[in-house]
Amino acid sequence: MLLNRAVESLILLLSPICPFIGEELWQTVLSHPDAVLAAGWPTFDPSALQQDEQELVVQINGVVRERMSVPSALANDRQALERQALALQGIQRRLDGRAPQKVIVVPGKLVNLVV
Amino acid sequence: MNTTTQGPSRVYDFNAIEARWRDYWREQGFFKPDLGHTEKKFYYLNMFPYPSGEMHVGHGRNWLIGDAICRSLIMQGYRVLNPMGYDAFGLPAENAAIDHQTHPKLWTDNNIKTFRRQFRQWGVEFDWDRELSTCDPAYYRWNQWIFLQLHKKGLAYRDSSLVNWCPGCDTVLANEQVIEGCCERCDSFVEKKNLTQWFFKITAYAQELLDDLDKLEHWPQRVKTMQRNWIGRSEGASIRFPLVGHDEAIEVFTTRPDTVFGATFMVLAPEHPLVEKITTPEHERAVAAYASQAVAASEIERLQLTRKKTGQFTGAYALNPVNGERIPVWIADYVLLGYGTGAIMAVPAGDTRDFEFAKKFDLPIVPVVQPRGQTFDGATMGEAYVAQEGVMVNSGPFSGMPAGEETLKKFVAHLEENGWGSGQVTFRLRDWLISRQRYWGTPIPMVHCGACGIVPIPEEQLPVLLPEVEFLGRKGLGEIPEFYEVLCPQCGIKARRDTDTMDTFVDSSWYYLRYLSSHDDAQLFDSDLANAWLPVDQYVGGIEHAILHLLYSRFFTKALRDLGLVNFGEPFARLYTQGMITHKAYRCKEHGWVAPNEVQQGERCPRCTQPLNVTLASMSKSKKNGISPDEIIARHGADTERLYTLFMGPPERDIEWTSDGVRGAARFLRRVWSFVTERAGALQAAQGSPLEPAQFKAHDKVLWRKLNLTIQTVTQDFEHFHFNTAVSALMELTNALYDYA
């Protein structure tokens with residue numbers, strides 16, 4: 001899973017600089033059978049950096065409560081951004097049926113729901 | 001794994017952790033490549049150290065850079081060769097032996113042990129099986145072997161010449177070791193003495209050393225520029241000025257043949273062989289008197305720009321070939337016999353010293369170059385115009401042409417067509433003086449025999465061993481009859497060994513090849529291995545070696561190539577020069593340098609409470625401002641010291657060491673430790689499970705993107721030595737992990 005991959009990558013990338021903690025975390029704590037020096041260098045997936053999506057934060061009364069990924073195509077579509085923000089489960093739960101008085105949208109950055 | 005047994009400690013116990021892994025990589029052989037295989041080979045090399053005592057954090061940074069790079073390369077599947085050795089001969093060991101009443105060998109061996117301990121403490125790894133030390137006869141016998149080969153080819157020769165004598169160190173210095181007339185080590189004023197010395201003919205390779213700089217794409221521009229300037233190729237011409245009333249001509253070399261129309265008088269060095277012949281009877285007494293007092297001054301003094309101009313007319317005249325003018329011939333002490341031909345054509349309008357001389361002795365000044373839009377008048381010019389810019393004037397058919405390289409070439413052609421001179425290339429580079437009159441160095445393998453002359457030691461008799469005697473302080477091998485008394489290898493009569501030892505730069509000019517065959521008694525190195533593993537893929541060291549060490553190494557590589565030992569001409573493919581780590585240095589007028597941890601409140605001397613003079617200087621033993629890594633390692637562990645050192649800043653710049661940020665580095669490692677250990681079970685369980693990016697939710701995508709950005713950034717940063725930004729990226733990734741989980 002992703003967390004695992006991220007943690008392992010962190011350990012591997014850190015190890016040339018901090019080899020002792022690297023081996024300890026890799027072999028002792030995470031029980032890998034091989035040494036860090038034999039584990040290979042983390043591979044980089046260029047598709048992860050593609051900008052066909054943007055990440056925005058969703059705020060309620062100025063406080064960040066959720067994050068959402070939005071297709072780049074909709075980057076400037078304020079209504080679509082607002083719709084998507086309101087549809088987030090976490091937002092719905094917090095709003096608890098209330099409708100926002102005002103919605104502030106900063107394309108590419110945030111949707112702020114004022115209640 | 002049985003999860004009910006005690007899990008990993010939540011406390012980051014760096015001492016226990018580091019003890020557990022300290023010898024692991026060596027035992028597993030990770031740093032021992034099989035040289036027989038060369039796919040994905042990488043020869044990484046730090047300039048090898050002088051074993052002079054304990055290493056401070058500045059030294060540490062050099063090794064940590066190398067260790068980080070090599071580890072990352074091994075992880076990327078490279079076969080990495082990273083050897084370690086010691087540049088053990090030389091003056092510092094002798095000076096320390098005198099100070100501590102010991103022998104240089106003992107002092108050196110102790111320091112090597114200290115270095116090994118510190119490397120191990122840091123977790124810095126090398127291929128230890130290839131360890132070498134230049135003061136080991138198994139090493140220096142090959143210096144002697146190289147000397148014999150160079151001698152056979154005429155590249156090592158003996159010559160009497162003016163040499164730089166440092167009265168403080170009691171030894172001869174190479175030109176490069178003299179800074180502004182003073183010894184670079186002890187700052188004494190350097191004298192000129194006539195001595196018969198051994199030289200290596202590096203000038204035979206001057207043009208190639210210059211040309212091949214263009215092939216070194218991965219060397220820093222400024223290092224190449226420094227080498228170009230040092231080699232100092234200049235195109236000029238030799239010109240003959242016929243003497244009136246004599247068959248001879250005065251030959252001069254000049255880098256500005258384009259100014260020849262402005263040559264209004266000639267100047268010979270007082271010692272020039274023609275002086276006696278051409279001086280007219282009326283001027284004989286004055287010339288002789290002037291000459292004898294002129295030679296009493298040292299060369300340095302004679303070359304001083306501020307020196308009063310003195311001279312004497314000889315009564316003789318020469319003809320300027322380009323315009324037929326009769327010009328007077330003088331002698332003056334600002335012209336040296338040892339430089340060029342010992343004679344110059346004086347162009348007062350274009351040369352500062354000639355200008356002062358002409359003013360003093362009322363000689364004509366004729367401008368030949370002037371800036372566009374200006375007209376110079378020789379009678380009223382306030383100073384010489386030395387630039388090769390503007391327009392030619394008073395220069396016959398060349399007047400009106402733009403001053404510069406093109407016009408200069410036309411002058412040279414004109415001189416050649418008329419038989420007045422010829423184009424010539426000269427180099428500033430001088431041959432490499434390798435003789436030293438010290439004990440702690442490689443003995444020169446030659447014998448002086450009354451009957452046979454200079455006799456090389458036969459190769460089978462190598463090494464000529466440095467005698468194991470009680471150390472005699474400043475005295476060299478010339479004080480040890482058991483060493484120099486020998487029978488001539490050729491005729492058998494009593495003879496004397498050469499008592500000079502070699503400049504230690506000889507040792508460091510080829511050590512990068514010796515690593516391939518550190519223990520080979522039969523040959524310098526295995527040529528097949530050398531051809532496969534060199535040039536060195538990445539060489540790392542200080543900018544202070546830009547001229548001496550790097551130039552000598554390039555020369556040696558080419559000479560070894562011409563001896564058939566290697567098939568390449570450049571030793572180092574990529575060069576990286578790191579800056580220095582500096583620290584405040586404190587000096588008391590009375591008590592000398594004070595270590596930072598002894599400085600009293602208010603920056604005062606601990607012994608007399610006088611305020612100290614504070615400067616920022618690179619860490620050094622002599623200034624006592626080197627900071628040991630021991631305290632940080634004891635308090636926070638080696639990993640933290642490593643992280644902190646590399647986090648300080650980009651290594652190509654100088655940086656001031658402070659320990660302010662150490663706690664931040666320690667905290668970061670604790671954060672990483674906690675994050676992983678607290679989730680160990682879940683992470684282990686998920687090992688090997690596939691990633692499904694298509695199923696990623698929004699917050700997964702954020703981490704996924706951050707992770708890949710980090711991998712990309714850190715990988716590039718390692719390639720460019722930007723460890724500080726690599727560490728930043730890893731700190732950001734750690735924050736992202738905390739945000740995510």
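Read along the sequence, chain A follows the pattern α-α-β-β-α-α-β-β, in a model that is predicted. Its secondary structure comes to four helices and four strands; these are DSSP runs numbered from the N terminus, with helices being H or I of at least four residues and strands E of at least two. The radius of gyration, taken over C-alpha atoms, is 21 Å for chain A, well over the 13 Å that the globule rule gives for 115 residues, so the chain is more spread out than a compact globule. That rule is 2.2 Å times the number of residues to the power 0.38. Along the principal axes, the C-alpha atoms of chain A fill a box of roughly 55 × 30 × 20 Å.

Residues are numbered from 1 along each chain as its sequence is written, and chains are lettered from A and ligands numbered from 1 in the order in which they are written. Local features need pLDDT of at least 70, side-chain atom pairs count only at pLDDT 80 or more, and totals for chains, interfaces and linings use all residues, while side-chain values use heavy atoms, without hydrogens and water.

Of the 115 residues of chain A, 49% count as buried (under 20% relative accessible area; exposed is over 50% and partly exposed in between, with a 1.4 Å probe and protein chains only). Contact means heavy atoms within 4.5 Å. Among contacts in chain A between residues at least 6 apart in sequence, 39% join residues at least 24 apart. Chain A carries 10 positive and 12 negative side chains, and the centres of the two sets lie 16 Å apart. Lys and Arg count as positive, Asp and Glu as negative; His and the chain ends are left out. Each charge is placed at NZ of Lys, CZ of Arg, CG of Asp or CD of Glu.

Helix α2 of chain A spans residues 19-29. Ten of its eleven residues are buried, so the helix is largely enclosed by the rest of the structure. Among them are Phe20(A), Leu25(A) and Trp26(A). Just after α2(A), Ser31(A) takes a positive phi of about 55 degrees.

In chain B, Asn62(B) lies in helix α3 (residues 57-75). Asn62(B) counts as buried, at 17% relative accessibility. Its side chain makes a polar contact with that of Gln578(B) (2.6 Å). Such a contact is a pair of N or O atoms within 3.5 Å; within protein, one must be able to donate a hydrogen and the other to accept it, and residues adjacent in sequence count only if both atoms are side-chain atoms.

Thr577(B) is found in strand β27 (residues 575-578) of chain B. Thr577(B) is buried, with a relative accessible area of 9%.
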